Every structure is written in structure tokens, then in C-alpha cells.
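Here is a short briefing for a first look. Keep the structure open as you read.

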Amino acid sequence: MNTIIDHPTAVASTAVESAPITAPRRTIITAPVDPPTVFATATTYAARTVRKFMRTPQLLVVSSLTSIMFLLIFRYVFGGAIQTGGIAYVDFLIPALAAVSGLFAGGAVGVAEDADSGMFDRLRSLPIPRSAVLLGRSMADTALIMWGTFVSIAVGFIVGFRVHTGIGSVLAALALCVLFAAAFSWLMIFLGLVSGTAQAAQGISFAVFPLIFVSSAYVPVRSMPGWMQPIADNQPVTAMVGAVRALVLGGDTQALLGHSTTWLVSHSIVWSLIIGGSFATLASRRFSKL
Amino acid sequence: MRPTRNTHQPSSGAPAIEAIGLTKRYGDTHALAGLDLIAPSGKVTAVLGPNGAGKTTFVKAVATLLEPDSGQLRVAGIDALADPGRVRRSIGLAGQNAAVEPALTGRENLVMVARFFGHDRNAAQEAAASVLDEIDLTADGDRPVKGYSGGMRRRLDLGASLVGAPKILLLDEPTTGLDPRTRMELWDSIRALVSRGTDVLLTTQYLEEADQLADHVVIIDHGRTIANGTPTELKARAGRDMVEVRVANGADLATVTAILAPLGSEEPRIDEPGRRVAVPVIDGTGRLADAVRSISDRGIELDDIGLRRPTLDEVFLTLTGAAA
């Protein structure tokens, strides 16, 4: 009310005239004829996610250091108190860490960040096959999990871990680790989508701890209380770490693991397919209704 | 009056966006309560409303990010509820957050989104280079976005919505949280984009923004449209132009009131302590000239005289006040 002359349209046109003239465009962009394929979408998003990880030293260093610290604590602090029959604890431990590193990786946090930042809103507004976004995410997360696995194995060798079988079995074990990583990546994607913010995702990631610790990953199931043993014996992580152990440590372990190599490998594959399949379905459903 | 709009093609039949009776409920909250809205083709439409009016929900429905509970929605002539996939090929969205990846460079961000629009590698590179020029970020294009200012990030986000050359651009509160200078820079960028003929729907809580950028303004509140029209039409609804005079000497107030009374379409309003008199007029500029002439003929000394036009603020407050 203090301004006596208030002529917004006049102001507007002055502003327009004084607006800087933008540089001439080099090309006129034409709208693409076809939407991108599932493959192009998934690899584009996967490449971006891996690049982000590589260019964020905090992520790279912190995640590697965390898994190394865990490894060293179990190897040198708890290891001596854990009875693993005829197997050295370091040989018991490293295959397990390689199998479950997907449950320690921060996949859920990355997904929650993309949900929170508006990245997923943008992606969902684009003419892409929607399921391909999560597929790309799973590909990237699997690669990042395998990075953690390689770090664990490398440090494992330094602190005394040795393979007791041949190259064929080791490659089979690594292939299983990739399969487990892919399955766990879908679990983490789902948790990330459900939590919505990075902080919540950090918290919700601890929900998988019982799965890791109530298993044969760190201690033999026989050392647990009687009521807990059937749970630990029959859950997926026990089958997965058992399969990797059997492949790299050989037949001597059969008594300790309680099952044949074939039984463990087949069960771990079935579990991976169940985990991967069901969380991929749940995550895709969630993604389309974000 | 607004030279940048001249390159728009005349509207060709179908509106860019047409919503009829849209509803969306979240629990007990009616985010959209039977929203009717038309965004004409070839124009910049601003959806104006207070926080919680339903602006973002509406944009999300148009962008096919959420499905309305009921109603009809056509975007670029396509039924958005029946065929959301085709709608996505016609729109570009820049949301409230700058959805750009800080660890990547500006160019990498644009190439990524261009690939998602369906460009092959080469076309994506070209589109990114062209958009970087257009949003004036070429010099910074190969720096990681984490070193960008807030305004640069928003510009990049705006650019990302353009690499697929969409028919309709959806900008959800594009300048929220920016300082005034950065806001004006972003307005310049938006004007430049508009000048090439893309239809734009933008939401804003800033009346000035709607006034500056839009040809067509839709005011919504509580999930409903409460008014729409050009900024000028809407201002006309808030009242007439006023000739307002402030005399140097309070003793002249009565004389000036007598001079103004015959010019006005209503009785003059007198503010004695402020030594001010105002009268609503029709044909503001003509009556202002009359007033200046008559007052100077009588040799009355003035502090100020002017024509005050209603602002969108007044329209907004009048309308949202009534609807609340």
C-alpha cells in the first residue's frame, strides 16, 4: 500500500528485455523416437551408481575399513575362543565373510538416498522400463558387494587363510558369492525403498543382523543353545556359508558342516533364488507406488 | 508486452493438460478434491497456491508418479490414467529438489538423463552439449556437481528435464529456497526455454513468479481450482485501478477529494492522518492524467500522485481467504 505506482506488467517486460540473450544453440535436440531398452536403462543407471561410489572416497574407504576391521576382530579377538573342530578359525571365517558381505554393504542407504533426493521421481517420470532401474541398481550393488568380498579375501590371505581345494572349486565358490550378492542386493533395495531416508535405511539395515549372527557364519551352530540350533541350521545364511566353505576347504569339513557339498550348494542356490525373486518382486511393486 | 512469448505457435486445439474432477486422498487428507484445470497449449501456465494446496500432488499425477483416485487427466492429448507410458514420452519433470547426482559432472548428469529419454550414446552427448549451452553451464560442464551453487544445480536440473526435447515441461516449485538474485537468474533460464515453444506448467507459491513467467494462472487451494485466467484478468477481479494522491499540506485534502470525486467510479477513500486520498477509476491512465492536470491547475503541492494497480497478492488473499 506504500507504493503508489505499482505496475507489475511494466516491470515484467523490462525484466524480459534486459534478460541476457542465451548463446546460440549448436544443435536442435529432437525427441528420441523409441524409449530406451531394458538393457540400456539398467546399464546406464548401474554405471552411474558405480561411478558415484568410486568418486566418493568416504564410501569406498569406510566400507572397506569396516569389513577389514570386522575380519581382524574375529580373526584375532574372538577367533581363539571359538572351537571349529579340525579347521583353523581363519579358514572357517573367510569363506563366511565372502558369502555374507552383501548383508553388510550399504545398498539400502544408497537406494534410500535416491528415493529421498528426487532421483527416483525423475526416473519414474521418464519413458524407461521402470523395472530396469532396480535391475541396474542390483547390478551395481552386486559389483560393489563383490568389491567388498575381494577386499575380505585379500586381507584373509594376509592373515593366514588358505584354500584347500583346486581352482575349479574356488571359481565355483566365487560364482556362488556373486549369486548371493545379487540376492542380498534385492533385499537391500527393498529395505532402502521401504525406509525412504538414508538415516532410516542405516537403522533398518541392522534388521538383518540376526540373519547373519544366528547362523554358522561366525560360530559353529553346535555351540548355540538347543532351541536356537534348528533356527540357525535351517536358515539361508547357514546354507550359503556352508556351501562356500565346503567348496574352498574340501571334504574334511563335511563332519563339521553336517551336509554334503552338493546338498549345501543346491540349498544355497535355491535360497538365493527365493530371496532374490521375492524381494525383487516386492521392491518393484514398491518402486511403482513410491 | 512480453517479447519472449511471441515465438509461441497459436494454440492448436487440445490443451497441454486437462484435468477434470481429479481426486487423491491420503488418509483423511484430500490432497486433490475434484480439481478441474486446463493448461492451454502454447502457453506457460502457473499453478499458484499456498503450501498444502495440492500443487505437488497435481504435478505428480501429471508426471504419472501417482495415480489419482478418480477423475480424468489428459496430458498432451493422451489419457494419463490409461496410458501413462506414452505420457512419459511427452513430458520433462524438474521437481522441488534438484535431482542431480553430486558425484557426477554436469555433463555426465545430462548424458545419463538423455540416455533415459531414449537417445543413443552420440545423440545423448549432443543433447547434453546443447543443453549445457542453453543453460549457460558449458564452462562448468565438466566439473562435479558437488562444487555447484544451489542456483547452478537448479539450472542443471531444469536442463536435465530438457535433454529429451519434451512437449511439456513440468516445473514443481522451481525456485523454492533460492535467494532473490538466483531466482531471477533461473527465471531468465525458464523464459529462454519457453521462447522455443515448449509448453510449461509450473507450480509456485510466489505470486511474483506467476506474474513474471505465466500467461495463464490457476489458483488452487484445498485441492480445488478457485480461480484462473491471465494475470491481468485475475487482477481485474481483485478490484479496479486506483488513483492515489498524497498532499503536502493536510489542508488541501478536501479540495483534492473534490477534484477526484467526479473522476472515480466509486466514492474517494480518505486517509486523513496519511494526507492521502484514493479513488477507484475505470481507464486508470486517462483518469490519472486528468487528476494531474486539475490538481496542478489549482497549484496544490503534492508529495506523490500515482496509479496503483491491484497485485496478484490481493487476488490471492481475497480468493484463498474466502475459500478457507
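**Provenance**
- This is a predicted model, in which local features need pLDDT of at least 70 and side-chain atom pairs count only at pLDDT 80 or more, while totals for chains, interfaces and linings use all residues.
- Residues are numbered from 1 along each chain as its sequence is written, and chains are lettered from A and ligands numbered from 1 in the order in which they are written.

**Chain B**
- Chain B has eleven helices and 14 strands, taken as DSSP runs (H or I, at least four residues, for helices; E, at least two, for strands) numbered from the N terminus.
- Its C-alpha trace spans about 75 × 45 × 35 Å along the principal axes.
- Of the 324 residues of chain B, 49% are buried (20 or more other C-beta atoms within 10 Å of the residue's own, with C-beta atoms placed from the backbone).

**Helix α2 of chain A**
- Helix α2 (residues 38-54) of chain A has 17 residues and should span 24 Å at 1.5 Å a residue, which agrees with the 24 Å between its end C-alpha atoms. The expected span is 1.5 Å times one less than the number of residues.
- Its buried residues include A40(A), Y45(A), R48(A) and F53(A).
- The buried residues of α2(A) pack against α3 (57-78), α5 (107-116) and α7 (130-158) of chain A, together with α3 (106-117) of chain B.

**Nonpolar cores**
- The largest nonpolar core has 155 residues. A nonpolar core is a set of buried Ala, Val, Leu, Ile, Met, Phe, Trp, Tyr and Cys residues joined through C-beta atoms within 7 Å.
- Helix α8 (residues 167-195) of chain A gives this core its largest share, 16 residues.
- Another core, of 15 residues, lies apart from it and includes L253(B) and I295(B).

Definitions and conventions:
Buried ≥ 20, exposed ≤ 12 C-beta atoms within 10 Å, placed from the backbone. Contact = placed C-beta atoms within 7 Å.
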